[in-house]
Amino acid sequence: MAHKNFEYCVAECWGKGFIKLEDSLRFKITGFPGNVWQIPAHNQDANLWVYKVAGTRKTLQEAQAIVTAEITAAQAAWDALPEEQKNRPGNSRPTDIVLPE
Amino acid sequence: MGTITRGFANKILGNGVIDATGLSGNIPASNVDNTSVTNITSLPASFEVIESTASDPSPAATGTVWYNSTTAAVKYQSVTTAAAWASGGNLANARHALGSAGTQTAALAFCGTQDPPYLTSTEEYDGTSWTAGGNFPTATAYIGGCGTQTSALAFGGQPSVPPSNTAQEYDGTSWTAGGNMSAARTGPASNQSTQTAAISFGRTVSPRGATEEYDGTSWTTGGEMANGRYELGGAGTQTSALAFGGDSPTFDATEEYDGTSWSSGGNLPGAIFDNAGAGSQTAALSMGGRLTVAITTVSSYNGTSWTADTAMSNARFASGGTGSQTSAIVYGGRASGVNLASTEEFTGAGASVAKTVTAT
């Protein structure tokens, strides 16, 4: 079995207290579209955090599918914009995201 | 002289005080000094050795120990050994290209865009959650800001075509018109200057390096940046400002302002724009931004050079950002085609924080 560096879950960020300072001091949490959160694999503190935020575990493939669906929807919305809005500063077309293993 | 036997402190009660009843202890004769004990005639039945409070004291000096009766926890004030981010309350209105001002525990978010619409709404942060403030008079995006939550200044921006040269002053409740800048500017940097001693730098049209200074009434022309740019990071004050990153072309250049002219500083690790800034000219943060896509990257400036700092949890560009190098906040922004409502709070290494004593 291939060694994996990350695990994934889905959890809605409710705001203050979702990621506490002590969480970030113990391990790294990275967010992606679709409320997908990446945490280090085989990390007890990270596992406790997933439990605390009532996260739903996702495999890499499941997490990737959620992120891709979000990006695809955002790209479709961008493609449907009038040219004037596409050309506004800060409104570039969303790019694909590939989640690392 | 023999030993002395007295009732003495022995246990910690539930409310954090020491109970002196019921037990006794022997003080060896060799430890007793007749002179020093002469005036001791009694001890209270119980007395506090650590303070019991319903909420954490603020500010608390490093080393202070207290008992929080609300959470039933013994806590102490320590310093962090590493920088870290925590989530804050979500904005009511997701947005990017917004204006920002204030501190981590008293921040201000105003205007911005959801592409479309452009927004007039203002939101105020109390360290936990955002609440609605007074609406901005005109829906505007790519706007600059400075000052505090109750004494902020907004300048420039793009309400429509053409961009704006106006400034608006916020008093914690409502916005009123201030003096107009000599020229319109879209995409100026928010920074840590004040409502009555403000600075605005960066704009989308030439000269892009133009700087203007505000005294609470009117704007005067300042020195021009060597690298004209917009949608850049900003920090510092009117007489000690910092410009870093920006478009167009995309810059890694940093410039320092002394109240008269700009001079070059250390370059960012890479060229970025739409990055948020916080801090001072000699202790700044660059947070997020983008080159092609939104990034989580954070860099710290020490007055000479930038070093990589702890990355945010969420990639974002064109976000709000304010605070200091050790206590900053970012909110809103955009990533992957989505406008963000989330807030993240930064605590730098060496910052004073409350920690809970845990039993093992």
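How many of the 360 residues of chain B count as buried? The share is 50%. Keep in mind that this is a predicted model.

Let me stay with chain B. Its secondary structure comprises 34 strands and 1 helix. Now the contacts in chain B with a separation of 6 or more. Of these, 49% join residues 24 or more positions apart.

Next, one sheet. It is an open sheet of 3 strands in chain B, ordered E18-E19-E20, and the pairing is antiparallel. Which strands sit at the edges? Strand E18, residues 198–201, and strand E20, residues 219–221, of chain B. Each of these two pairs on one side only. On average, neighbouring strands of the sheet are turned by 25° against each other, direction ignored.

Look at one pairing in that sheet. Strand E19 of chain B covers residues 211–214. Antiparallel to E20(B), strand E19 of chain B pairs over 3 bridges. For a residue-level handle, take B:Glu212. Its bridge partner in E20(B) is B:Thr221.

Now the contact between the chains. Chain A puts in 26 residues, and chain B puts in 29 residues. Where does the largest share of chain B's side come from? From strand E9 of chain B, residues 84–88, with 5 residues. And the make-up of chain B's side, where it touches chain A?

To recap: chain B has 34 strands and 1 helix, and its side of the contact with chain A draws its largest share from strand E9 of chain B.

Methods: Residues numbered from 1 in each chain as written. Chains lettered and ligands numbered in written order. Predicted model: local features only at pLDDT ≥ 70, side-chain atom pairs only at ≥ 80, totals over all residues. Contact = placed C-beta atoms within 7 Å. Helix = DSSP H or I, 4+ residues; strand = E, 2+ residues; numbered from the N terminus. Buried ≥ 20, exposed ≤ 12 C-beta atoms within 10 Å, placed from the backbone. Pairing = 2+ DSSP bridges. Axes fitted to C-alpha atoms, helices over the stretch in contact; angles between N-to-C directions.
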